[in-house]
Amino acid sequence: MSDDNRDAADELIIKMVEAERYEEALGLDHSASRRETTAAFIRLSARHSGQDRVLIALNKARNAMLSETGEDKELRLSVFKSPG
Amino acid sequence: MRLKLGIDLGTYNSSAAVAVQRDTVVMVTSKEGKSPDGKNFPSFVQFASNGSKVSVGVRAKRSLALNPSLVVWGVKRLVGLSFQAALDRGETKRFQYDIERGPGDTILIRVGNERFTPSSILEAILREIKEDAENQDLNPLFGTRFDEAVISIPAYYKAIRTAPILDAARQAGFKEVGTIAEPTAAALKYGLQIDREAVILTFDLGAGTLDVTVLQIVQDGDNLVSGELCTSGHEALGGLDMDIAVRDFLIAKHKEIALATDKDRALFLDEVEKSKIRLSKAQAAKLLFANSEISLTRDELEEALGDILKRFRGPIHMAIKEAGLEASDIDHVLLVGGPTHIPCVRQAIRRELALLGARHQVLAEIDAIDQRGFPVNPMECVSQGAALKAAGVITPASTSIAEGYGIVIGSDRGRHYDPIIKENSMYPIEGKVSLGFTDPNARTVALELVAKSADPDKYSESKPVFRYEHLGQYSLSVVPTGDLHSVELALCVSRDKALAATLTQEGTDIHVTYKSPDLLKNDIVQLLDDGNTPNLDATTIEAMSAKFDRDRSAWTRKEMEDCVLMARRLLELVKSCTHQRIREGVKVLQMSVSGVSDNNPEEAAKLANSIREFLDLLRQPEIGVIKTEEFRQYLKDLARITN
């Protein structure tokens, strides 16, 4: 991956997390199990091990996904709208 | 490959290893030979009566019974603690050497006329390890200077306890020093061995600390990568506490045991430790003391350790829950540390896992240790894992930190904790909070920084009990700006697990940064409750704002009208409020409402943001118009309106 592409991938993860699109940031679908969530988190943390901003964003996504209730998740997903 | 040391700096014993190749990790030989329990460098330093250093390691340990006040050991239990905290935890009474209160409530160890910090004792141990590793006669395979090392640290140690250990390593001559959590180091060594995806629970019971960590190994392309998911434990629970429990049990049972002097106490405790080790294999052991012989059976040992075994429950339950997994997700349990040789310790761990619903295969692995032994050497795997990390063979992709950090906020309802960094986060991590101070003439503002962690001894899934430790009150000299002082507090936990707190006066370049060594109080503070519910931190709110901004083109007329109604409801709520910040907020919100009433859809997103900011203002403790729960409900209403 070129540096430009890597930077773009980093920024995309950060933006996805900022928008609370956690599943997309971690490359998961909305029905992912907890074990799949933690696995995706570790995989991405390893790939972005040098980038503190990405690690902080991934951590935020993981924390939010693992601590939210079913109702919270429903609310989060319902608030989200498609761009444009 | 440039060789680097991996060091397991233990409370009672230390060991070191070097990864000379990916598959070959070699233990460092000590000039004084292996200690009886399998580690090469006992963490003991012997002094002469004038305070000069005599020996480090095996010889120092052997001299303990003869001169207990001149042998300093167990210092890992003291490092990074304030004197008061050590006093409160009973650590100052544990050892026969003198411990004094130093400047700034620090700990000083007095031997003769000399005084030593705990860090300087660790420095002596680390220097000994470094010198022996570099000694070609002892370790001919290495033949090099070691300028770099990775030191294992108890996973459950708070950030403020790590910094003095790193300082000690640098003072000992290491130019570059990294850290790794002890259970993670062990799991990395084991992970290389099993070489497949797995969730591993490591139960690491050392002489001074208990760490329970959940680590997951996942496939990423052709590689396996691993990461910590959660850690829990006790900062002060280990083999030393077991020795004390067995000693007290025996004293209560055998009235003939008289421990009149420090020397008697040291000798008897030494016998207790040896018998505890013998009972790992035998059904009964004999203690020789003052010409008498006392018998101790396995059943008696279990009875003596009963209260300690019960304390395993909290950390095991917490680690699995906070990792976000179920016990049935665990594929392997890895037992580390000398006390896991004791059968009743293994049975206690097995019981808790069975209660939680761990799979039969996992329980069977624990049972199999009796016949087949441990899958990795529980005394060596930590230093070996540290060596693998030092050599870059395998590195954890994520590392967790058990405690959270926040500030204390006072209001008419009492003192509350306002979180900035959530507990059980991964580091590096940062968090910020912006605070308003009501006195515009103040020249100094101060914040009280607090660490929050779940109390493992009072674990309850439905209602966890938290401990709040005071890290200190930190101040910033501010300049008048003609307005209320607004100060930003930024907290950061670095990759080295070092905590830094930066206070900045907003709108100026005035700031001050405090780093871990300064953050050294450990007093337990009493707070009413959390000032906020989880997930309502500043970053969550920022994320919601970003969402409103992004979606501005998708707003409908109905959404706009509902937003305006909500804004008007809030304006009505504060119409009699005279607080200056509220009046300023009202002006901003009224302007946003006007924008939308001009039927400009693009202004709707701005209005939603203004409402959100206004709500944030209303919930500030010094303003106190709405409570956290109301704030949360308003935020939900806002989210529904914009759906």
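Let me begin with a definition: angles under 35 degrees count as roughly parallel, over 145 as roughly antiparallel, 65 to 115 as roughly perpendicular, and the rest as oblique. What we are looking at is a predicted model, in which local features need pLDDT of at least 70 and side-chain atom pairs count only at pLDDT 80 or more. Residues are numbered from 1 along each chain as its sequence is written, and side-chain values use heavy atoms, with hydrogens and water left out.

In chain A, helix 3 (residues 34–47) and helix 4 (residues 52–67) pack at an angle of about 175°, with their axes 10 Å apart; here axes are lines fitted to C-alpha atoms over the stretch in contact, and angles run from 0 to 180 degrees between N-to-C directions. Helices are DSSP runs of H or I with at least four residues, numbered from the N terminus. Helix 3 of chain A and helix 4 of chain A are therefore roughly antiparallel to each other.

Now to the salt bridges, each being a side-chain nitrogen of Lys or Arg within 4 Å of a carboxyl oxygen of Asp or Glu. Over all chains, the structure holds 43 salt bridges. One of them joins the side chains of Glu11(A) and Arg53(A), at 2.9 Å from N to O, and this pair links distant parts of the chain, since Glu11(A) lies in helix 1 (residues 3–18) of chain A and Arg53(A) in helix 4 of chain A, 42 residues apart.

Glu11(A) is partly exposed, with a relative accessible area of 32%, whereas Arg53(A) is exposed, at 52%; buried means under 20%, exposed over 50%, and partly exposed in between, with a 1.4 Å probe and protein chains only.

Note on methods. Chains lettered and ligands numbered in written order. Helix = DSSP H or I, 4+ residues; strand = E, 2+ residues; numbered from the N terminus.
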